[in-house]
Amino acid sequence: MYFDLTDEQQAIKSTAKEFLAARYKSERIRELIETELGFEQSDWEEMAELGWTGLALPEQWGGQGLGMVELAVLFEEIGYALAPSPLFSSTAAGLALARNGTDEQRERWLPKLASGEARGTLALFDAGRPALIGGFAMEARPDGDDVVLDGEKVLVEDAAAADFLLVATSDTRRHLVERDAEGLTISAEDSIDPTRRLHSVRFDGVRVGPEATLNGTQEDYRPVLWRGAVAVAAESTGVAQRAMEMAVAYAKEREQFGRPIGAYQAVSHRCAQMLLETENARSAVYGAAWAADAEPESLPKAAAMAKAYASDAGWRVPDASIQAHGGIGFTWEHDLHFFLKRGRANASRFGDARWHRERVADLVLAEAGAPVPA
Amino acid sequence: MDLSLSPSEQEFRDEVRTWLEENHPGPEPEGGLEEVMAFRREWQRELHGAGWAGISWPKEYGGRGATLIEQAIFVGEAARQEAPSPANVLGLAMGGPVVIAHGTDEQKQRYLEPILTAEEIWCQGFSEPESGSDLASLKTKAVKDGDEWVVTGQKVWTTFAQYAKWCMLVARTDPEAPKHKGLTYFLLDMEQDGVEAKPLVQITGEGEFNEVFIEEARIPDENVVGGVGNGWSVAITTLMNERAGLAFGAISQIANSLKRLDELAVETRVNGSTAAEDPVYRDRIAQLHIEAETMRLNAYRGLTKTMQSGIPGPEGSLGKWQWADINQRIAELALDIEGGYATLQRGAAHAVANGAWQYGFLRSRANSIEGGTTDILKNIIAERVLGLPRLR
């Protein structure tokens with residue numbers, strides 16, 4: 001039993017912390033969020049050189065072949081730095097393709113994803129339908145050997161910067177559609193979180209050849225969903241950590257009634273609550289990340305627990321931090337609102353807290369109906 | 001990172017598990033505390049015979065010299081199997097470790113063995129009616145008289161005082177010194193005229209705790225532990241030991257309670273289905289399971305940290321806070337699920353689970369008070385983990 005990062009994992013963490021702190025100072029983030037794609041290609045290339053674009057992709061396709069713990073370490077730091085980057089969306093598409101792509105699809109795309117030469121993203125939710133995992137509405141209408149896609153996908157992350165989309169259809173299959181496919185229209189959406197680009201994508205008779213449909217259906221994508229949920233939870237943990245640190249620093253320095261406000265229990269107990277929620281989120285995330293790598297049979301419950309908890313902590317801690325800051329925390333000029341927004345947006349990604357608690361309830365109550373395990 | 005047990009840890013777990021399964025004496029007797037104490041003494045003798053009493057103590061003092069992870073495994077497994085508590089809980093968890101850390105050779109010779117065998121029960125005389133969270137303000141005074149100390153004062157919340165031979169007593173020996181400096185740690189013989197223990201009836205109707213009235217009781221000089229004027233730091237060691245040891249038992253206890261809660265939800269009918277199908281109850285049940293899991297994982301992270309640094313850190317306060325909160329909410333939810341039956345307690349013909357949840361609801365109110373109130377734990381976290389300024 002050893003519940004801490006290894007030296008190698010610690011090295012990934014410190015490299016990431018250092019790099020991201022240098023790249024994403026407040027002024028830079030504020031510049032980037034005004035741009036069309038929300039990030040800069042030069043940053044992307046540097047991340048690729050650091051090996052981040054292929055961190056968890058298999059070595060045979062040019063990835064580093066590392067696990068979920070390493071991915072969690074990286075995304076915790078991305079959240080901490082509030083880095084605007086398509087790294088998450090492309091990583092998620094890479095994990096899906098690595099698991100369920102055909103040999104040809106993997107051969108063609110994974111080395112490019114790993115090297116950073118290409119990017120992918122997931123297109124799951126249908127316009128006008130609940131944005132819940134499962135129950136996708138878009139039909140894959142057969143036409144000869146091809147299928148034809150009509151409809152609109154929403155909440156597609158970084159679609160304008162992606163080379164391809166993995167599109168979910170009502171038969172629970174996924175189809176690899178390139179961004180320049182005929183009949184595809186991408187429009188940017190306004191998101192509460194300006195540090196991540198969201199798009200709506202219209203499909204007007206988009207034709208998908210048989211070579212573009214991935215292997216596998218719903219159940220085959222669950223392991224990707226759980227890993228994605230753990231990675232989002234890791235990001236939210238980093239968001240919470242930073243917001244807590246900001247509150248604690250401010251409470252030490254800001255004086256009212258002749259004392260630092262952190263000396264008052266109304267403020268200091270709020271900070272203790274932030275620490276509790278941040279540490280709980282971190283424990284749940286690394287517990288689940290470890291399960292993904294070492295004990296996959298316990299991943300569904302562990303991932304649901306981590307995402308449920310971190311969904312809440314990821315916005316509640318920044319929210320509490322704003323309260324501890326008082327008026328200054330409510331200004332656009334202060335960075336805290338970006339953390340609140342990133343945390344709140346993360347809460348809805350890869351299954352929200354309520355959805356994941358339902359999964360937990362399913363699993364634990366099933367155990368209660370069964371004979372007592374040895 | 002490796003959250004599984006190593007082969008040797010697994011072997012230890014299996015050894016503990018098998019021994020407990022074979023020697024578990026069954027549930028504690030119903031009835032008075034007297035019967036329960038006799039039962040627990042007998043159980044502790046069995047534990048001692050097999051080398052399971054004082055497992056954290058070094059071997060030279062009759063303990064097992066178990067590693068931190070082995071202690072965690074033992075405590076966790078004992079709680080999982082709902083093994084009874086040994087009679088001399090406070091002697092094993094606090095008294096012995098303090099004597100080992102701060103005691104003289106004579107004290108070690110005299111006190112350690114009877115703690116292990118439960119021949120002599122120990123209690124803790126720290127809190128006073130006017131000194132709860134502000135422990136260092138305590139007023140019980142000890143005045144030197146030849147080679148003895150004469151003690152007068154009152155202690156409260158003293159668990160097992162009525163059975164105890166020895167009391168770990170902190171008293172003021174220098175009223176002129178700053179409040180933390182004027183204290184001394186004594187071993188007070190409870191079997192003397194100047195000491196009287198009276199049970200304090202709790203909101204559950206039981207008398208688990210006591211008030212102890214001390215009127216010119218005598219303590220020989222050789223019963224000072226850790227030197228005159230050092231009482232505060234000696235007392236702090238005991239409290240650290242108390243918190244570190246409790247965590248893993250608490251985790252298993254919560255796991256058992258959650259299992260019963262799940263079963264209650266599966267068995268209880270509400271609105272034409274079961275509570276286990278009700279979306280509101282499902283959400284609350286899931287949230288408790290999630291928080292219990294974060295508490296378990298926090299404890300393991302803390303254990304790894306303690307193994308690296310050698311001393312338990314102030315982060316342990318998070319676990320105690322969390323345990324109290326979760327334990328209370330489990331019982332609260334159980335009563336909600338019981339609906340109208342929530343009012344029927346132990347003994348009522350139609351009480352659910354013979355009133356176990358009603359008792360749990362009431363008893364757990366103390367969880368956020370005993371062993372450091374949640375409010376004080378938040379102060380500790382704010383000051384010692386986050387480095388926020390002190391108001392005091």
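Reader: How do you know which residue or chain a label refers to, and what limits apply to a predicted model?

Author: Residues are numbered from 1 along each chain as its sequence is written, while chains are lettered from A and ligands numbered from 1 in the order in which they are written. Because the model is predicted, local features need pLDDT of at least 70 and side-chain atom pairs count only at pLDDT 80 or more, whereas totals for chains, interfaces and linings use all residues.

Reader: How do you know whether the span of helix 4 of chain A agrees with its number of residues?

Author: The expected span is 1.5 Å times one less than the number of residues. Helix 4 (residues 68-81) of chain A has 14 residues and should therefore span 20 Å, and its end C-alpha atoms are 20 Å apart, which agrees. Just after this helix, Leu82(A) takes a positive phi of about 60°.

Reader: Why is helix 4 of chain A called mostly covered?

Author: A residue is buried if 20 or more other C-beta atoms, placed from the backbone, lie within 10 Å of its own, exposed if 12 or fewer do, and partly exposed in between. In helix 4 of chain A, 14 of its 14 residues are buried, while in chain A as a whole buried residues make up 55% of the 374 residues.

Reader: How do you know whether the radius of gyration of chain A agrees with that of a compact globule?

Author: The radius is taken over C-alpha atoms, and the globule rule is 2.2 Å times the number of residues to the power 0.38. For 374 residues this gives a value near 21 Å, and chain A has 21 Å, so the two agree. Along its principal axes, the C-alpha trace of chain A spans about 80 × 60 × 40 Å.

Reader: Why are strand 3 and strand 4 of chain A said to pair?

Author: Two strands pair if DSSP finds at least two bridges between them. Strand 3 (residues 140-143) and strand 4 (residues 146-157) of chain A have four bridges in the antiparallel sense, with Leu149(A) in strand 4 as the bridge partner of Ala140(A). Their hairpin has two residues between the strands, and Gly144(A) there takes a positive phi near 65°.

Reader: What makes residues of chain B count as touching chain A?

Author: Two residues are in contact if their C-beta atoms, placed from the backbone, lie within 7 Å. By this test 40 residues of chain B are in contact with 43 residues of chain A. The largest share of the chain B side, 14 residues, comes from helix 7 of chain B. That side divides into 21 nonpolar, eight polar and eleven charged residues, where Ala, Val, Leu, Ile, Met, Phe, Trp, Tyr, Cys and Pro count as nonpolar, Asp, Glu, Lys and Arg as charged, and the others, Gly among them, as polar.

Reader: How do you know where the domains of chain A lie, and which residues join domain 2 and domain 3?

Author: The bounds come from an automatic or database domain assignment, which gives domain 1 (7-117), domain 2 (121-212) and domain 3 (218-369) for chain A. The centres of domain 2 and domain 3 of chain A, taken over C-alpha atoms, are separated by 29 Å, and nine residues of domain 2 are in contact with nine residues of domain 3.
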